[in-house]
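Please keep the structure open beside you as you read.

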Amino acid sequence: MNLEKLDKLKENIFQSADSKLYIPLAEEYKKINMIDEAVKVLKYCIGKHPNYMSAHVALGKIYMEQGYLQKAIEEFETVVTAIPDNLLAHRKLAQLYQNRSLQSRGMTTGDTTRALASLEKILLLNPNDEDAQESIRKLLTQPYKEAKTEKISHDYQGHEEEVKTVEPQIEGTSSEPLLQQQLQAIDTYYDVFISYDRRDRGFADKLVSSLENRGIECWIDRVNIVPGVEWDEEIFKTITENPEICMVVLFSKNTLQSKRVAGEVRLADDNYLRIIPVFIEDIKLTGVFAIRLAGKHNIEAFNPDIDVAEKICVALKKQKPDLHIPPPPPPTRFVDNGDQTITDTSTDLMWTKDADLAGRKIWRDALDYVASMNKGMVENFGYTDWLLPDKEELERLVKNSKGAPWFWLKSQGFTNVQSYYYWSSTAYTNDTSLAWTIRMGDGNVSASARAYYVGYVWPVRSVH
């Protein structure tokens with residue numbers, strides 16, 4: 001896109017109220033190395049829409065790429081304050097704080113602590129992240145090594161310099177069609193997630209067009225993922241953070257070979273999303289598809305007499321949103337005591353009503369917090385025999401929740417239930433440097449490092 005067209009587009013966008021139009025415009029300016037203009041566009045966007053976190057991410061990346069460390073930190077900190085589980089922002093903050101700690105020759109120990117906090121948050125969101133585990137190991141065990149910085153010749157009002165970081169470019173079509181696709185994107189609620197193999201893009205595009213003409217909002221990766229954002233991260237967020245979205249999977253011989261589609265189907269099934277298989281070729285499902293989609297009603301799109309979009313619309317109207325959250329147990333199970341505590345009558349255990357009294361702490365600090373409750377140093381709701389729950393007590397608490405414990409527990413009267421890991425008092429038998437934790441997002445139980453992993457604290461006491 002030439003500069004004249006770009007400036008005209010900028011004028012039109014600045015007159016629009018749609019916050020999602022600014023990011024692709026800034027990306028176009030970046031592509032022709034007009035970084036100052038890209039920054040101005042994003043700052044203007046944030047001025048009008050301060051809560052549009054994608055703009056903060058985009059601006060933070062520019063500052064990071066150009067070497068302005070403090071400004072980049074400010075943008076990504078804004079993001080994690082608003083969205084604590086934004087994995088991308090935590091990755092950037094960990095890298096930024098590590099860089100600044102290196103540049104200060106270890107004089108600013110606070111940056112090392114902040115880097116560790118960001119890395120621990122990454123592990124909280126993705127416990128198997130090997131890069132984060134390795135970075136923590138290095139920060140805790142390796143001596144300081146002086147960083148090599150690249151000097152930046154131009155300046156944004158005296159911002160600090162730092163190591164230049166280059167973001168990977170996302171493969172796709174030419175910039176102008178991609179920009180037009182982004183301008184058409186809708187930044188609200190989606191009815192359908194389209195999962196497909198890239199070789200079936202033509203059919204996918206026609207289906208999206210037909211569905212949207214019927215008022216069905218569609219999410220499809222190449223349109224709804226803005227340039228510069230990590231695709232896997234956005235796909236994961238879309239599937240896990242939209243419990244009412246329906247996944248439509250387009251099946252062909254190509255699909256059966258697609259690891260990406262297989263991963264999307266697994267994630268959707270694990271999060272109890274509705275899935276509608278649409279066969280664009282007459283094939284038999286194999287492997288993970290056969291296992292996960294057995295018994296699912298499907299649509300035979302290869303039949304010329306079938307209106308696929310209409311069939312999907314009918315299916316969406318017939319199927320009410322199903323979070324796969326079981327019906328609440330009898331109302332007598334959880335009794336609100338009226339003193340900021342709730343008793344689970346099935347176990348005779350009393351829990352604090354607020355499931356996030358203390359924030360995230362390492363294991364020792366979690367125990368100390370509960371001890372401080374018993375000493376009256378912090379609010380104890382009139383009781384002095386609180387404990388950090390053991391592994392079995394946490395498992396019994398979420399016993400009937402099946403897949404969305406945090407959501408279900410909120411429906412039972414608890415407040416501030418977090419979807420991430422909570423500490424138990426139970427040490428891991430094979431390695432006493434670890435203790436058991438339970439993730440309230442899905443009930444997963446795992447062992448975490450007591451010395452540096454940070455989890456939530458949920459005090460409990462026995463009624464008897």
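Angles under 35 degrees count as roughly parallel, over 145 as roughly antiparallel, 65 to 115 as roughly perpendicular and the rest as oblique. The axes are lines fitted to C-alpha atoms, for helices over the stretch in contact, with angles running from 0 to 180 degrees between N-to-C directions. This is a predicted model, in which local features need pLDDT of at least 70 and side-chain atom pairs count only at pLDDT 80 or more, while totals for chains, interfaces and linings use all residues. Residues are numbered from 1 along each chain as its sequence is written, and side-chain values use heavy atoms, with hydrogens and water left out.

Now look at helix α3 (residues 35-48) and helix α4 (residues 53-66), whose axes come within 9 Å and cross at roughly 150°. The two helices, α3 and α4, are therefore roughly antiparallel to each other. Helices here are DSSP runs (H or I, at least four residues), as are strands (E, at least two), numbered from the N terminus. Which residues of α3 and α4 meet? From α3 come Ile35, Ala38, Val39, Leu42, Lys43, Cys45 and Ile46, and from α4 come Ala55, His56, Ala58, Leu59, Ile62, Tyr63 and Gln66, where contact means heavy atoms within 4.5 Å.

Glutamate 37 also belongs to helix α3. Is glutamate 37 buried or exposed? Its relative accessible area is 19%, so glutamate 37 is buried (buried means under 20% relative accessible area, exposed over 50%, partly exposed in between, with a 1.4 Å probe and protein chains only). Glutamate 37 lies 7.3 Å from alanine 26, C-alpha to C-alpha, and the two are 11 residues apart in sequence.

Alanine 26 leads us to α2, where it is buried along with Tyr22, Ile23, Pro24, Leu25, Glu27, Glu28 and Tyr29. Helix α2 (residues 22-31) is largely enclosed by the rest of the structure because 8 of its 10 residues are buried. Just after α2, asparagine 33 has a positive phi of about 65°.

Finally, the whole chain has 19 helices and 14 strands, and 47% of its 464 residues count as buried.
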